[in-house]
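Here is a short briefing on one protein chain. It is grouped by topic, for reading alongside the model.

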Amino acid sequence: LLNSFYPQATRLCTGTPYEGPTRAKRGKPEVVQNGLLRPVKLSRGDLYKPPTADELNQLKEAESLFHCSLLKMQMEELLKEVSLSERRKQLIDSFVQSVTEQLQTVPQTSDMELSDLSWLSGGVKVPFVLVPKAAKGKFHMAPPISVTIIGSYPLGTCTKPGISVDLAVTIPADILHPKDALNQRYPRKRAIYLAGLAQHLAASPAIGAMRYSCLHGNRLRPILLLSPPGKDSSSFTLRLHACPPPGFFKPSRFHPQRNNIRTDWYTGLGSSHEPPTPHYNSSVLGDMLPRAHLQFLTAVSSQCAAFAEGVALLKVWLRQRELDQGVGCFSGFLGSMLLAYLLSCHRVSNTMTAYQLLRNSLHFLAFNDLTENGITLAKGPDSTPSLAEFHTAFQVVFVDPSGHLNMCADMTACTYKQVQHEASLSLQFWDDPTVDGFHALLMTPKPMIRTSDHVFQLCELVKLQGCCKKLNLLSELMDHSGNYVLTALPFILSLLQRGLGQRVRLLTHSLTPDPEWPVESDAPKHNAQPPLSFGLLLNPEQAASVLERGPPADSPKAEEFRQLWGSRSELRRFQDGDITEAVVWEGETTCQKRLVPRQLITHLLQLHADIPESCVRYIGGMLDDVIKVGREVCSTGEEESLKVVQSYDDLSRKLWTLEGLPLSITSVQGAHPALRYTQVFPPVPLKLDYSFFDREKLSRSLVPHEVKPCPVYITPVQVICHMEGSGKWPHDRVAIRHIKAAFHISLGELLTQHHHYTCQPSPTHLDVWKDGFVFRIQVAYHREPQVLRESVSPEGLLIVRDNAEAQALEMATMQRPLLTSTLHGLQQLHPCFGAVCRLAKRWLGAQLFSDDITEDTADLLVASLFLQPAPFTPPGSPQVGFLRFLHLLSSFDWRNNPLVVNLNSQLTAADYTEIKNDFIASRESLPVMFMATPNDKKVSIWTKQAPTVQMLQRVVMVAAESLKILEPLLMDTNQIQDIRVVMRPPLDPYDVLIHLSPKQVPLLSQAVDPPHATFSRGILAGRVANTGGALPVIDFNPVTHYLAELRDAFGDLALFFYDPYGGTVIAVLWKPKAFTPLPFKTSQMVARRVEVSGEEAHTVPNVEAILEDFRVMGQGLVKSVEPRTEKWVV
């Protein structure tokens, strides 16, 4: 991550003060004390001296350009971090000088045939795939005419990390022939010349490691990588480029419409028509122009003081998006040329700052489509190719100052569309005052797996040879010198773009990394590279549609539709009477429909490109397994949640229409995660097997049978029913509870009488058995929390004081229902919100963090990913949402920043500022994880009780490790590890493990690794009755009760952790001070024993007795207790 390279900028963006050297005001020298720079004390005159013109300009600039002065400082620190130090420059200069001297001593050899490589010794190979083998011409070795530094280093735009310095080595003219441009003769001579240089340099002790590579992955342009010897070997890399003498070839020979590779030479078959070879031509042209490009950029940068810094910022922006390296990338060189173009056509001013140059560059990229309207740096026509001619040969056009070279020759339209999309997104976030633009856009990495909603990979790249044959791409294959991967890629992208259509907002692909190999090895084959990865940014309204509706049967476009979809296309009649071509994909549940793009992609690739489904690795629903419910039909909970919501809506309507209550109902609100689609495993309708249970004598309700397994767990769905205010409500807390209990009884009687529901009233709630679900209705009175806060002093004064009881009631009856309805609305806007919440909470439960990051907190954390997604778009799939959840947990600066969740977009920029200021002022008294919402700006009620500092640190660490494991696991085709590995908690840190009997764990089937053995839980298959039947066993989970007893008895000595979703282990961790001896007191002898030393008696925990108590308290539930440490003697 780039953050590791920019520590000062990171400190600034997180609010941590930077304690590095500072420049004293007014040019006063710093004072050095104990090796540290200290600012000098200023006199009163200096302190209050009016600001200079330069300082006034800087203040004005900070006010007009930046949201705050902090952003300006962050930019300055970032530029300091990425620029090269003087020591590094000295190392580079010294090494370049040494290499230049070595190159001047290359020995001269006699002429030999180009195909004769016997003179190469020492195992050095030629960095070129010599196919076809036959090549005319002579070759001999000789010292280079000149060795020149080119590229970013002399221009001053070279940045960290990954410092590369380019050295142009000019091949002597007598080695080359004017007709060497034909049939790969020049590229082969160039490669052989590099091999000769490698052989010569191999014997030098001044050179460290040597490797071959290719410039931006172009196999026609191999380069030699040199590292300095010793400890500086990794500090930078020197790249040797072999170039022809200036003006050796005529540029007109490399017109994009001309042919320089003859068909009969390449294939052995004659041809009357020679196709143009624009990509080959641009490769040779690229070797002829680097010095001219450097001269041009030097002239431009000399007129703009901030040019180098603007390029540096643009490079950082590109690197964070993985756009600056690989085949067809938007390199730093292109960034420099883009800025030069904007300056030359006066789109930007020479006096602009680096920040302004970056913004204007992004603005240009966002609103100018170079795939349609290319741009050129050439001044006059001068017999150069026209832009229209370039457009016929290349997908993206940006012509260099010579007018002959398209600098974007290898870039695909999809890559440029990605650059456009990212630029547009960045401008949108930068203009939003509520977003930390610097951190989001320049400090946050955007790998494909975390950016795209779905990713798929083409694994066996050798299959693309067959693809080229099927698509008849011989001419293009010649142009790419046999590189079938790059030949087939544009056609595959075009095919997928047509097929996916409106389902995706953006189709991206990975940029094949520059290959590197030892000089002793042959050049790698074209398929010796990582799989091609493709990213889909889904359009949520269209992506999951199972119907692909085509044109009417009699339309001219119908044949085109049938040709695209093949046998899947069929005529269908629709309800509106239209008869059209259509394709219908398989998919019943939301989980299956989300993967419709997979079916579509595999079908198109098989049909049109001969790529079998086995070669396509689709990474879109790999994490769904851990939250799947139901065995017959695969579902991740959306359909089950919808059933709960529909049943609740029906109950709500019936409650509203009840007659015969003393007071009318003012609102019915859900307060359960299932009603906002975020319950990890939503309740499912149950049909009970009455023979499995005993009966309670009076009410005839079902009760668990002593000798049978624990019955199925039935979760009560919380419903808050607010009654209207009235003067008849008492002003006494006990009386209010009695009135509420009476309402519970009345509601139960009316529901039973009118709708035949089985009801069970109690003082605190009413349980209603309906449609196979249990709804727990709780009557609420809006003034009750206020009554709980009031008390009367002995003197008769009314005292209003907040307390835990009032807060808990307010949260249960007001805050949670409001949160539930708000998040329900968010689910309607973003269909995958609920699934992301379920994955996040399943991970928290599996890692034993459910008690620290509560359900409400987790839902708010996930909501923030959808409401403030910068620098991403809102997640479009559960998988990418979960990865971003882990990233948020592990990277957010909880110590110095509040997490603001702007529900319903109610918070303004002023509110953000107020929240931040209040947070800073009261930081020490606020929760360690502070989350602000529109209704809770100052307190963070959802995280007030948990997590603690220690537990948050643990969550952050485990989230970071999970992300580090999961992302490579998803992207690496060689990984054979199960994806559930991130759901399995490390149990080593815990002191005691309490193993539970699976028979008595009612949610056993929800475990990450459910056992093969299953137990009958008292349910039957079949249709569930809507009403009637005996009341089931509700909310009975022996593990939960056991945990509560353990915490009550031993909470002062230990922490207890458990996975609430089918876990069979309770992990125990002794508190740090648990074993500290305490003075003997008879009142504090619970779970302790006495130790006497001399005349003093102390008590220490009686671990043996505690472990025995664990067994006794959990009799029938606990299978075994396993002590794991040596902290005590048993």
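Lys470 is partly exposed, with a relative accessible area of 43%. In this predicted model, its side chain meets that of Asp610 in a salt bridge, 3.7 Å from N to O. The pair links distant parts of the chain, 140 residues apart.

**Salt bridges**

- The structure holds 53 salt bridges.
- Lys470 sits in helix α18 (residues 464–470). Asp610 sits in the loop between α23 (596–609) and β19 (616–619).
- Asp610 is partly exposed, at 37% relative accessibility.
- Arg789 and Asp802 also pair through their side chains, at 2.9 Å from N to O. Arg789 belongs to helix α26 (residues 784–789), and Asp802 to the loop between β29 (798–800) and α27 (804–829), so this bridge ties together parts 13 residues apart in sequence.
- Arg789 is buried at 13% relative accessibility, whereas Asp802 is partly exposed at 44%.
- One network joins Arg676, Arg816, Lys841, Glu855, Asp856 and Asp859 through salt bridges that share partners.
- Glu86 forms a salt bridge with Lys89, with the closest N and O atoms 3.8 Å apart. Both lie in helix α5 (residues 86–103), and they are separated by about one helical turn because they are three residues apart.
- Glu86 is exposed at 53% relative accessibility. Lys89 is partly exposed at 30%.

**Nonpolar cores**

- Nonpolar side chains tend to be buried together in soluble globular proteins.
- The largest nonpolar core here has 125 residues. Leu224, Leu226, Leu240, Phe398 and Leu442 touch the most other members.
- Helix α7 (residues 185–201) gives the most to this core, with nine residues.
- Beyond its neighbours within four places in sequence, Phe398 is in contact with residues including Leu334, Met337, Leu338, Tyr341 and Leu370. Its other contacts include Ile375, Leu377, Leu405, Asn406, Met407 and Cys408.
- A second, separate core has 65 residues, among them Met931, Val1008, Phe1057 and Tyr1061.

**Cysteines**

- How many disulfides does a search of the whole structure find? It finds zero.
- Cys214 is in no disulfide, and the nearest cysteine sulfur, that of Cys329, is 13 Å away. The cut-off for a disulfide is a sulfur pair within 2.5 Å.
- Cys214 is buried, at 1% relative accessibility.
- Cys414 is in no disulfide either. The nearest cysteine sulfur to that of Cys414 belongs to Cys408, 15 Å away.
- Cys414 is buried too, at 9% relative accessibility.

**Backbone geometry**

- Most residues other than glycine have a negative phi, and most peptide bonds are trans.
- Pro871 is in the loop between α29 (855–867) and α30.
- Pro947 is in the loop between β31 (931–932) and α32 (949–971).
- Ser940 is found in the loop between β31 and α32. Ser940 is buried, with a relative accessible area of 1%.
- Ser481 is buried, with a relative accessible area of 13%.

**A buried histidine**

- His887 lies in helix α30 (residues 878–891).
- Is His887 buried or exposed? His887 counts as buried because its relative accessible area is 16%, under the 20% cut-off.
- Leaving aside neighbours within four places in sequence, His887 is in contact with Thr444, Arg450, Phe892 and Leu963.

**Annotated domains**

- In an unreviewed entry, UniProt lists "domain: Nrap protein" for residues 165–302, 306–444, 451–609, 624–828, 830–984 and 987–1121.
- Residues 451–609 are 36% helix and 23% strand, with end C-alpha atoms 27 Å apart.
- Residues 830–984 are 50% helix and 3% strand, with end C-alpha atoms 29 Å apart.

Note on methods. Residues numbered from 1 in each chain as written. Predicted model: local features only at pLDDT ≥ 70, side-chain atom pairs only at ≥ 80, totals over all residues. Heavy atoms only, no water. Helix = DSSP H or I, 4+ residues; strand = E, 2+ residues; numbered from the N terminus. Buried < 20%, exposed > 50% of the residue type's maximum accessible area, 1.4 Å probe, protein only. Contact = heavy atoms within 4.5 Å. Core = buried A, V, L, I, M, F, W, Y, C linked by side-chain atoms within 4.5 Å. UniProt positions renumbered as here; feature names shortened; annotations may be inferred. Salt bridge = Lys/Arg side-chain N within 4 Å of Asp/Glu carboxyl O.
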